[in-house]
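This report goes through one protein chain, beginning with a single residue and its contacts and ending with the chain as a whole.

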Amino acid sequence: MSNMTPFEIRLELLKMAQSMLESDYYGRREIIANQYAAECDAAKLRGEEPPKHPGYPSFPSEQEIIAKAQ
């Protein structure tokens, strides 16, 4: 393995931070989607209107990625 320059190290840290934040984002999004689907199914069984969708978290911004990398 060759020695990495400081710029290469920084780039790798940014990539790692981005990957971590994106994984967290998609995990939270999946949890919300599953909970919402369960709530809709329960409401349907009770003969009620489905609840309003709670929305999803915002996708990680550049600032969040940089902060995570630091």
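## Alanine 43 and its contacts

Beyond its neighbours within four places in sequence, alanine 43 is in contact with Glu48, Glu49, Pro50 and Pro51; contact means heavy atoms within 4.5 Å. Alanine 43 counts as buried because its relative accessibility is 2%. For this class and the others used below, buried means under 20% relative accessible area, exposed over 50%, and partly exposed in between, with a 1.4 Å probe and protein chains only.

Alanine 43 is part of helix H1, which covers residues 6–45. Helices (H or I, at least four residues) and strands (E, at least two) are DSSP runs, numbered from the N terminus. Between alanine 43 and glutamate 8 there are 35 residues of separation in sequence and 52 Å in space, C-alpha to C-alpha.

## Basis of the model

The model is predicted: local features need pLDDT of at least 70, side-chain atom pairs count only at pLDDT 80 or more, and totals for chains, interfaces and linings use all residues. Residues are numbered from 1 along each chain as its sequence is written, and side-chain values use heavy atoms, with hydrogens and water left out.

## Salt bridges

A salt bridge is a side-chain nitrogen of Lys or Arg within 4 Å of a carboxyl oxygen of Asp or Glu. How many salt bridges does this rule give? The count is three.

Glutamate 12 pairs with lysine 15, with 3.7 Å between the closest N and O atoms. Both residues lie in helix H1, three residues apart, about one turn of the helix. Glutamate 12 is partly exposed because its relative accessibility is 34%, and lysine 15 is partly exposed at 45%. Aspartate 24 and arginine 28 form another salt bridge, at 3.2 Å from N to O. These two residues are also in helix H1, four residues apart, about one turn of the helix. Aspartate 24 is partly exposed at 41%, as is arginine 28 at 36%.

Arginine 46 and glutamate 48 form a salt bridge at 3.1 Å, N to O. Arginine 46 has a relative accessible area of 53%, so it is exposed, whereas glutamate 48 is partly exposed at 42%. Glutamate 48 is also one of the residues in contact with alanine 43.

## A nonpolar patch

Met4, Ile9, Leu13, Met16 and Met20 make a nonpolar surface patch of about 450 Å². Patches are made of residues with over 30% relative accessible area and no salt bridge: like charges are joined within 9 Å, nonpolar side chains (Val, Leu, Ile, Met, Phe, Trp, Tyr) within 5 Å. Accessible areas come from the Shrake-Rupley method with a 1.4 Å probe; for residues, only the protein chains shown count as cover.

Methionine 20 is partly exposed because its relative accessible area is 45%.

## The chain as a whole

The protein chain has two helices and zero strands. Its radius of gyration is 19 Å, well over the 11 Å that the globule rule gives for 70 residues, so the chain is more spread out than a compact globule. The radius is taken over C-alpha atoms, and the globule rule is 2.2 Å times the number of residues to the power 0.38. Along the principal axes, the C-alpha atoms fill a box of roughly 65 × 25 × 10 Å.

Of the 70 residues in the chain, 16% are buried. The accessible surface comes to about 5900 Å², and 56% of that belongs to carbon and sulfur atoms. Among contacts with a separation of 6 or more, 62% join residues 24 or more positions apart.
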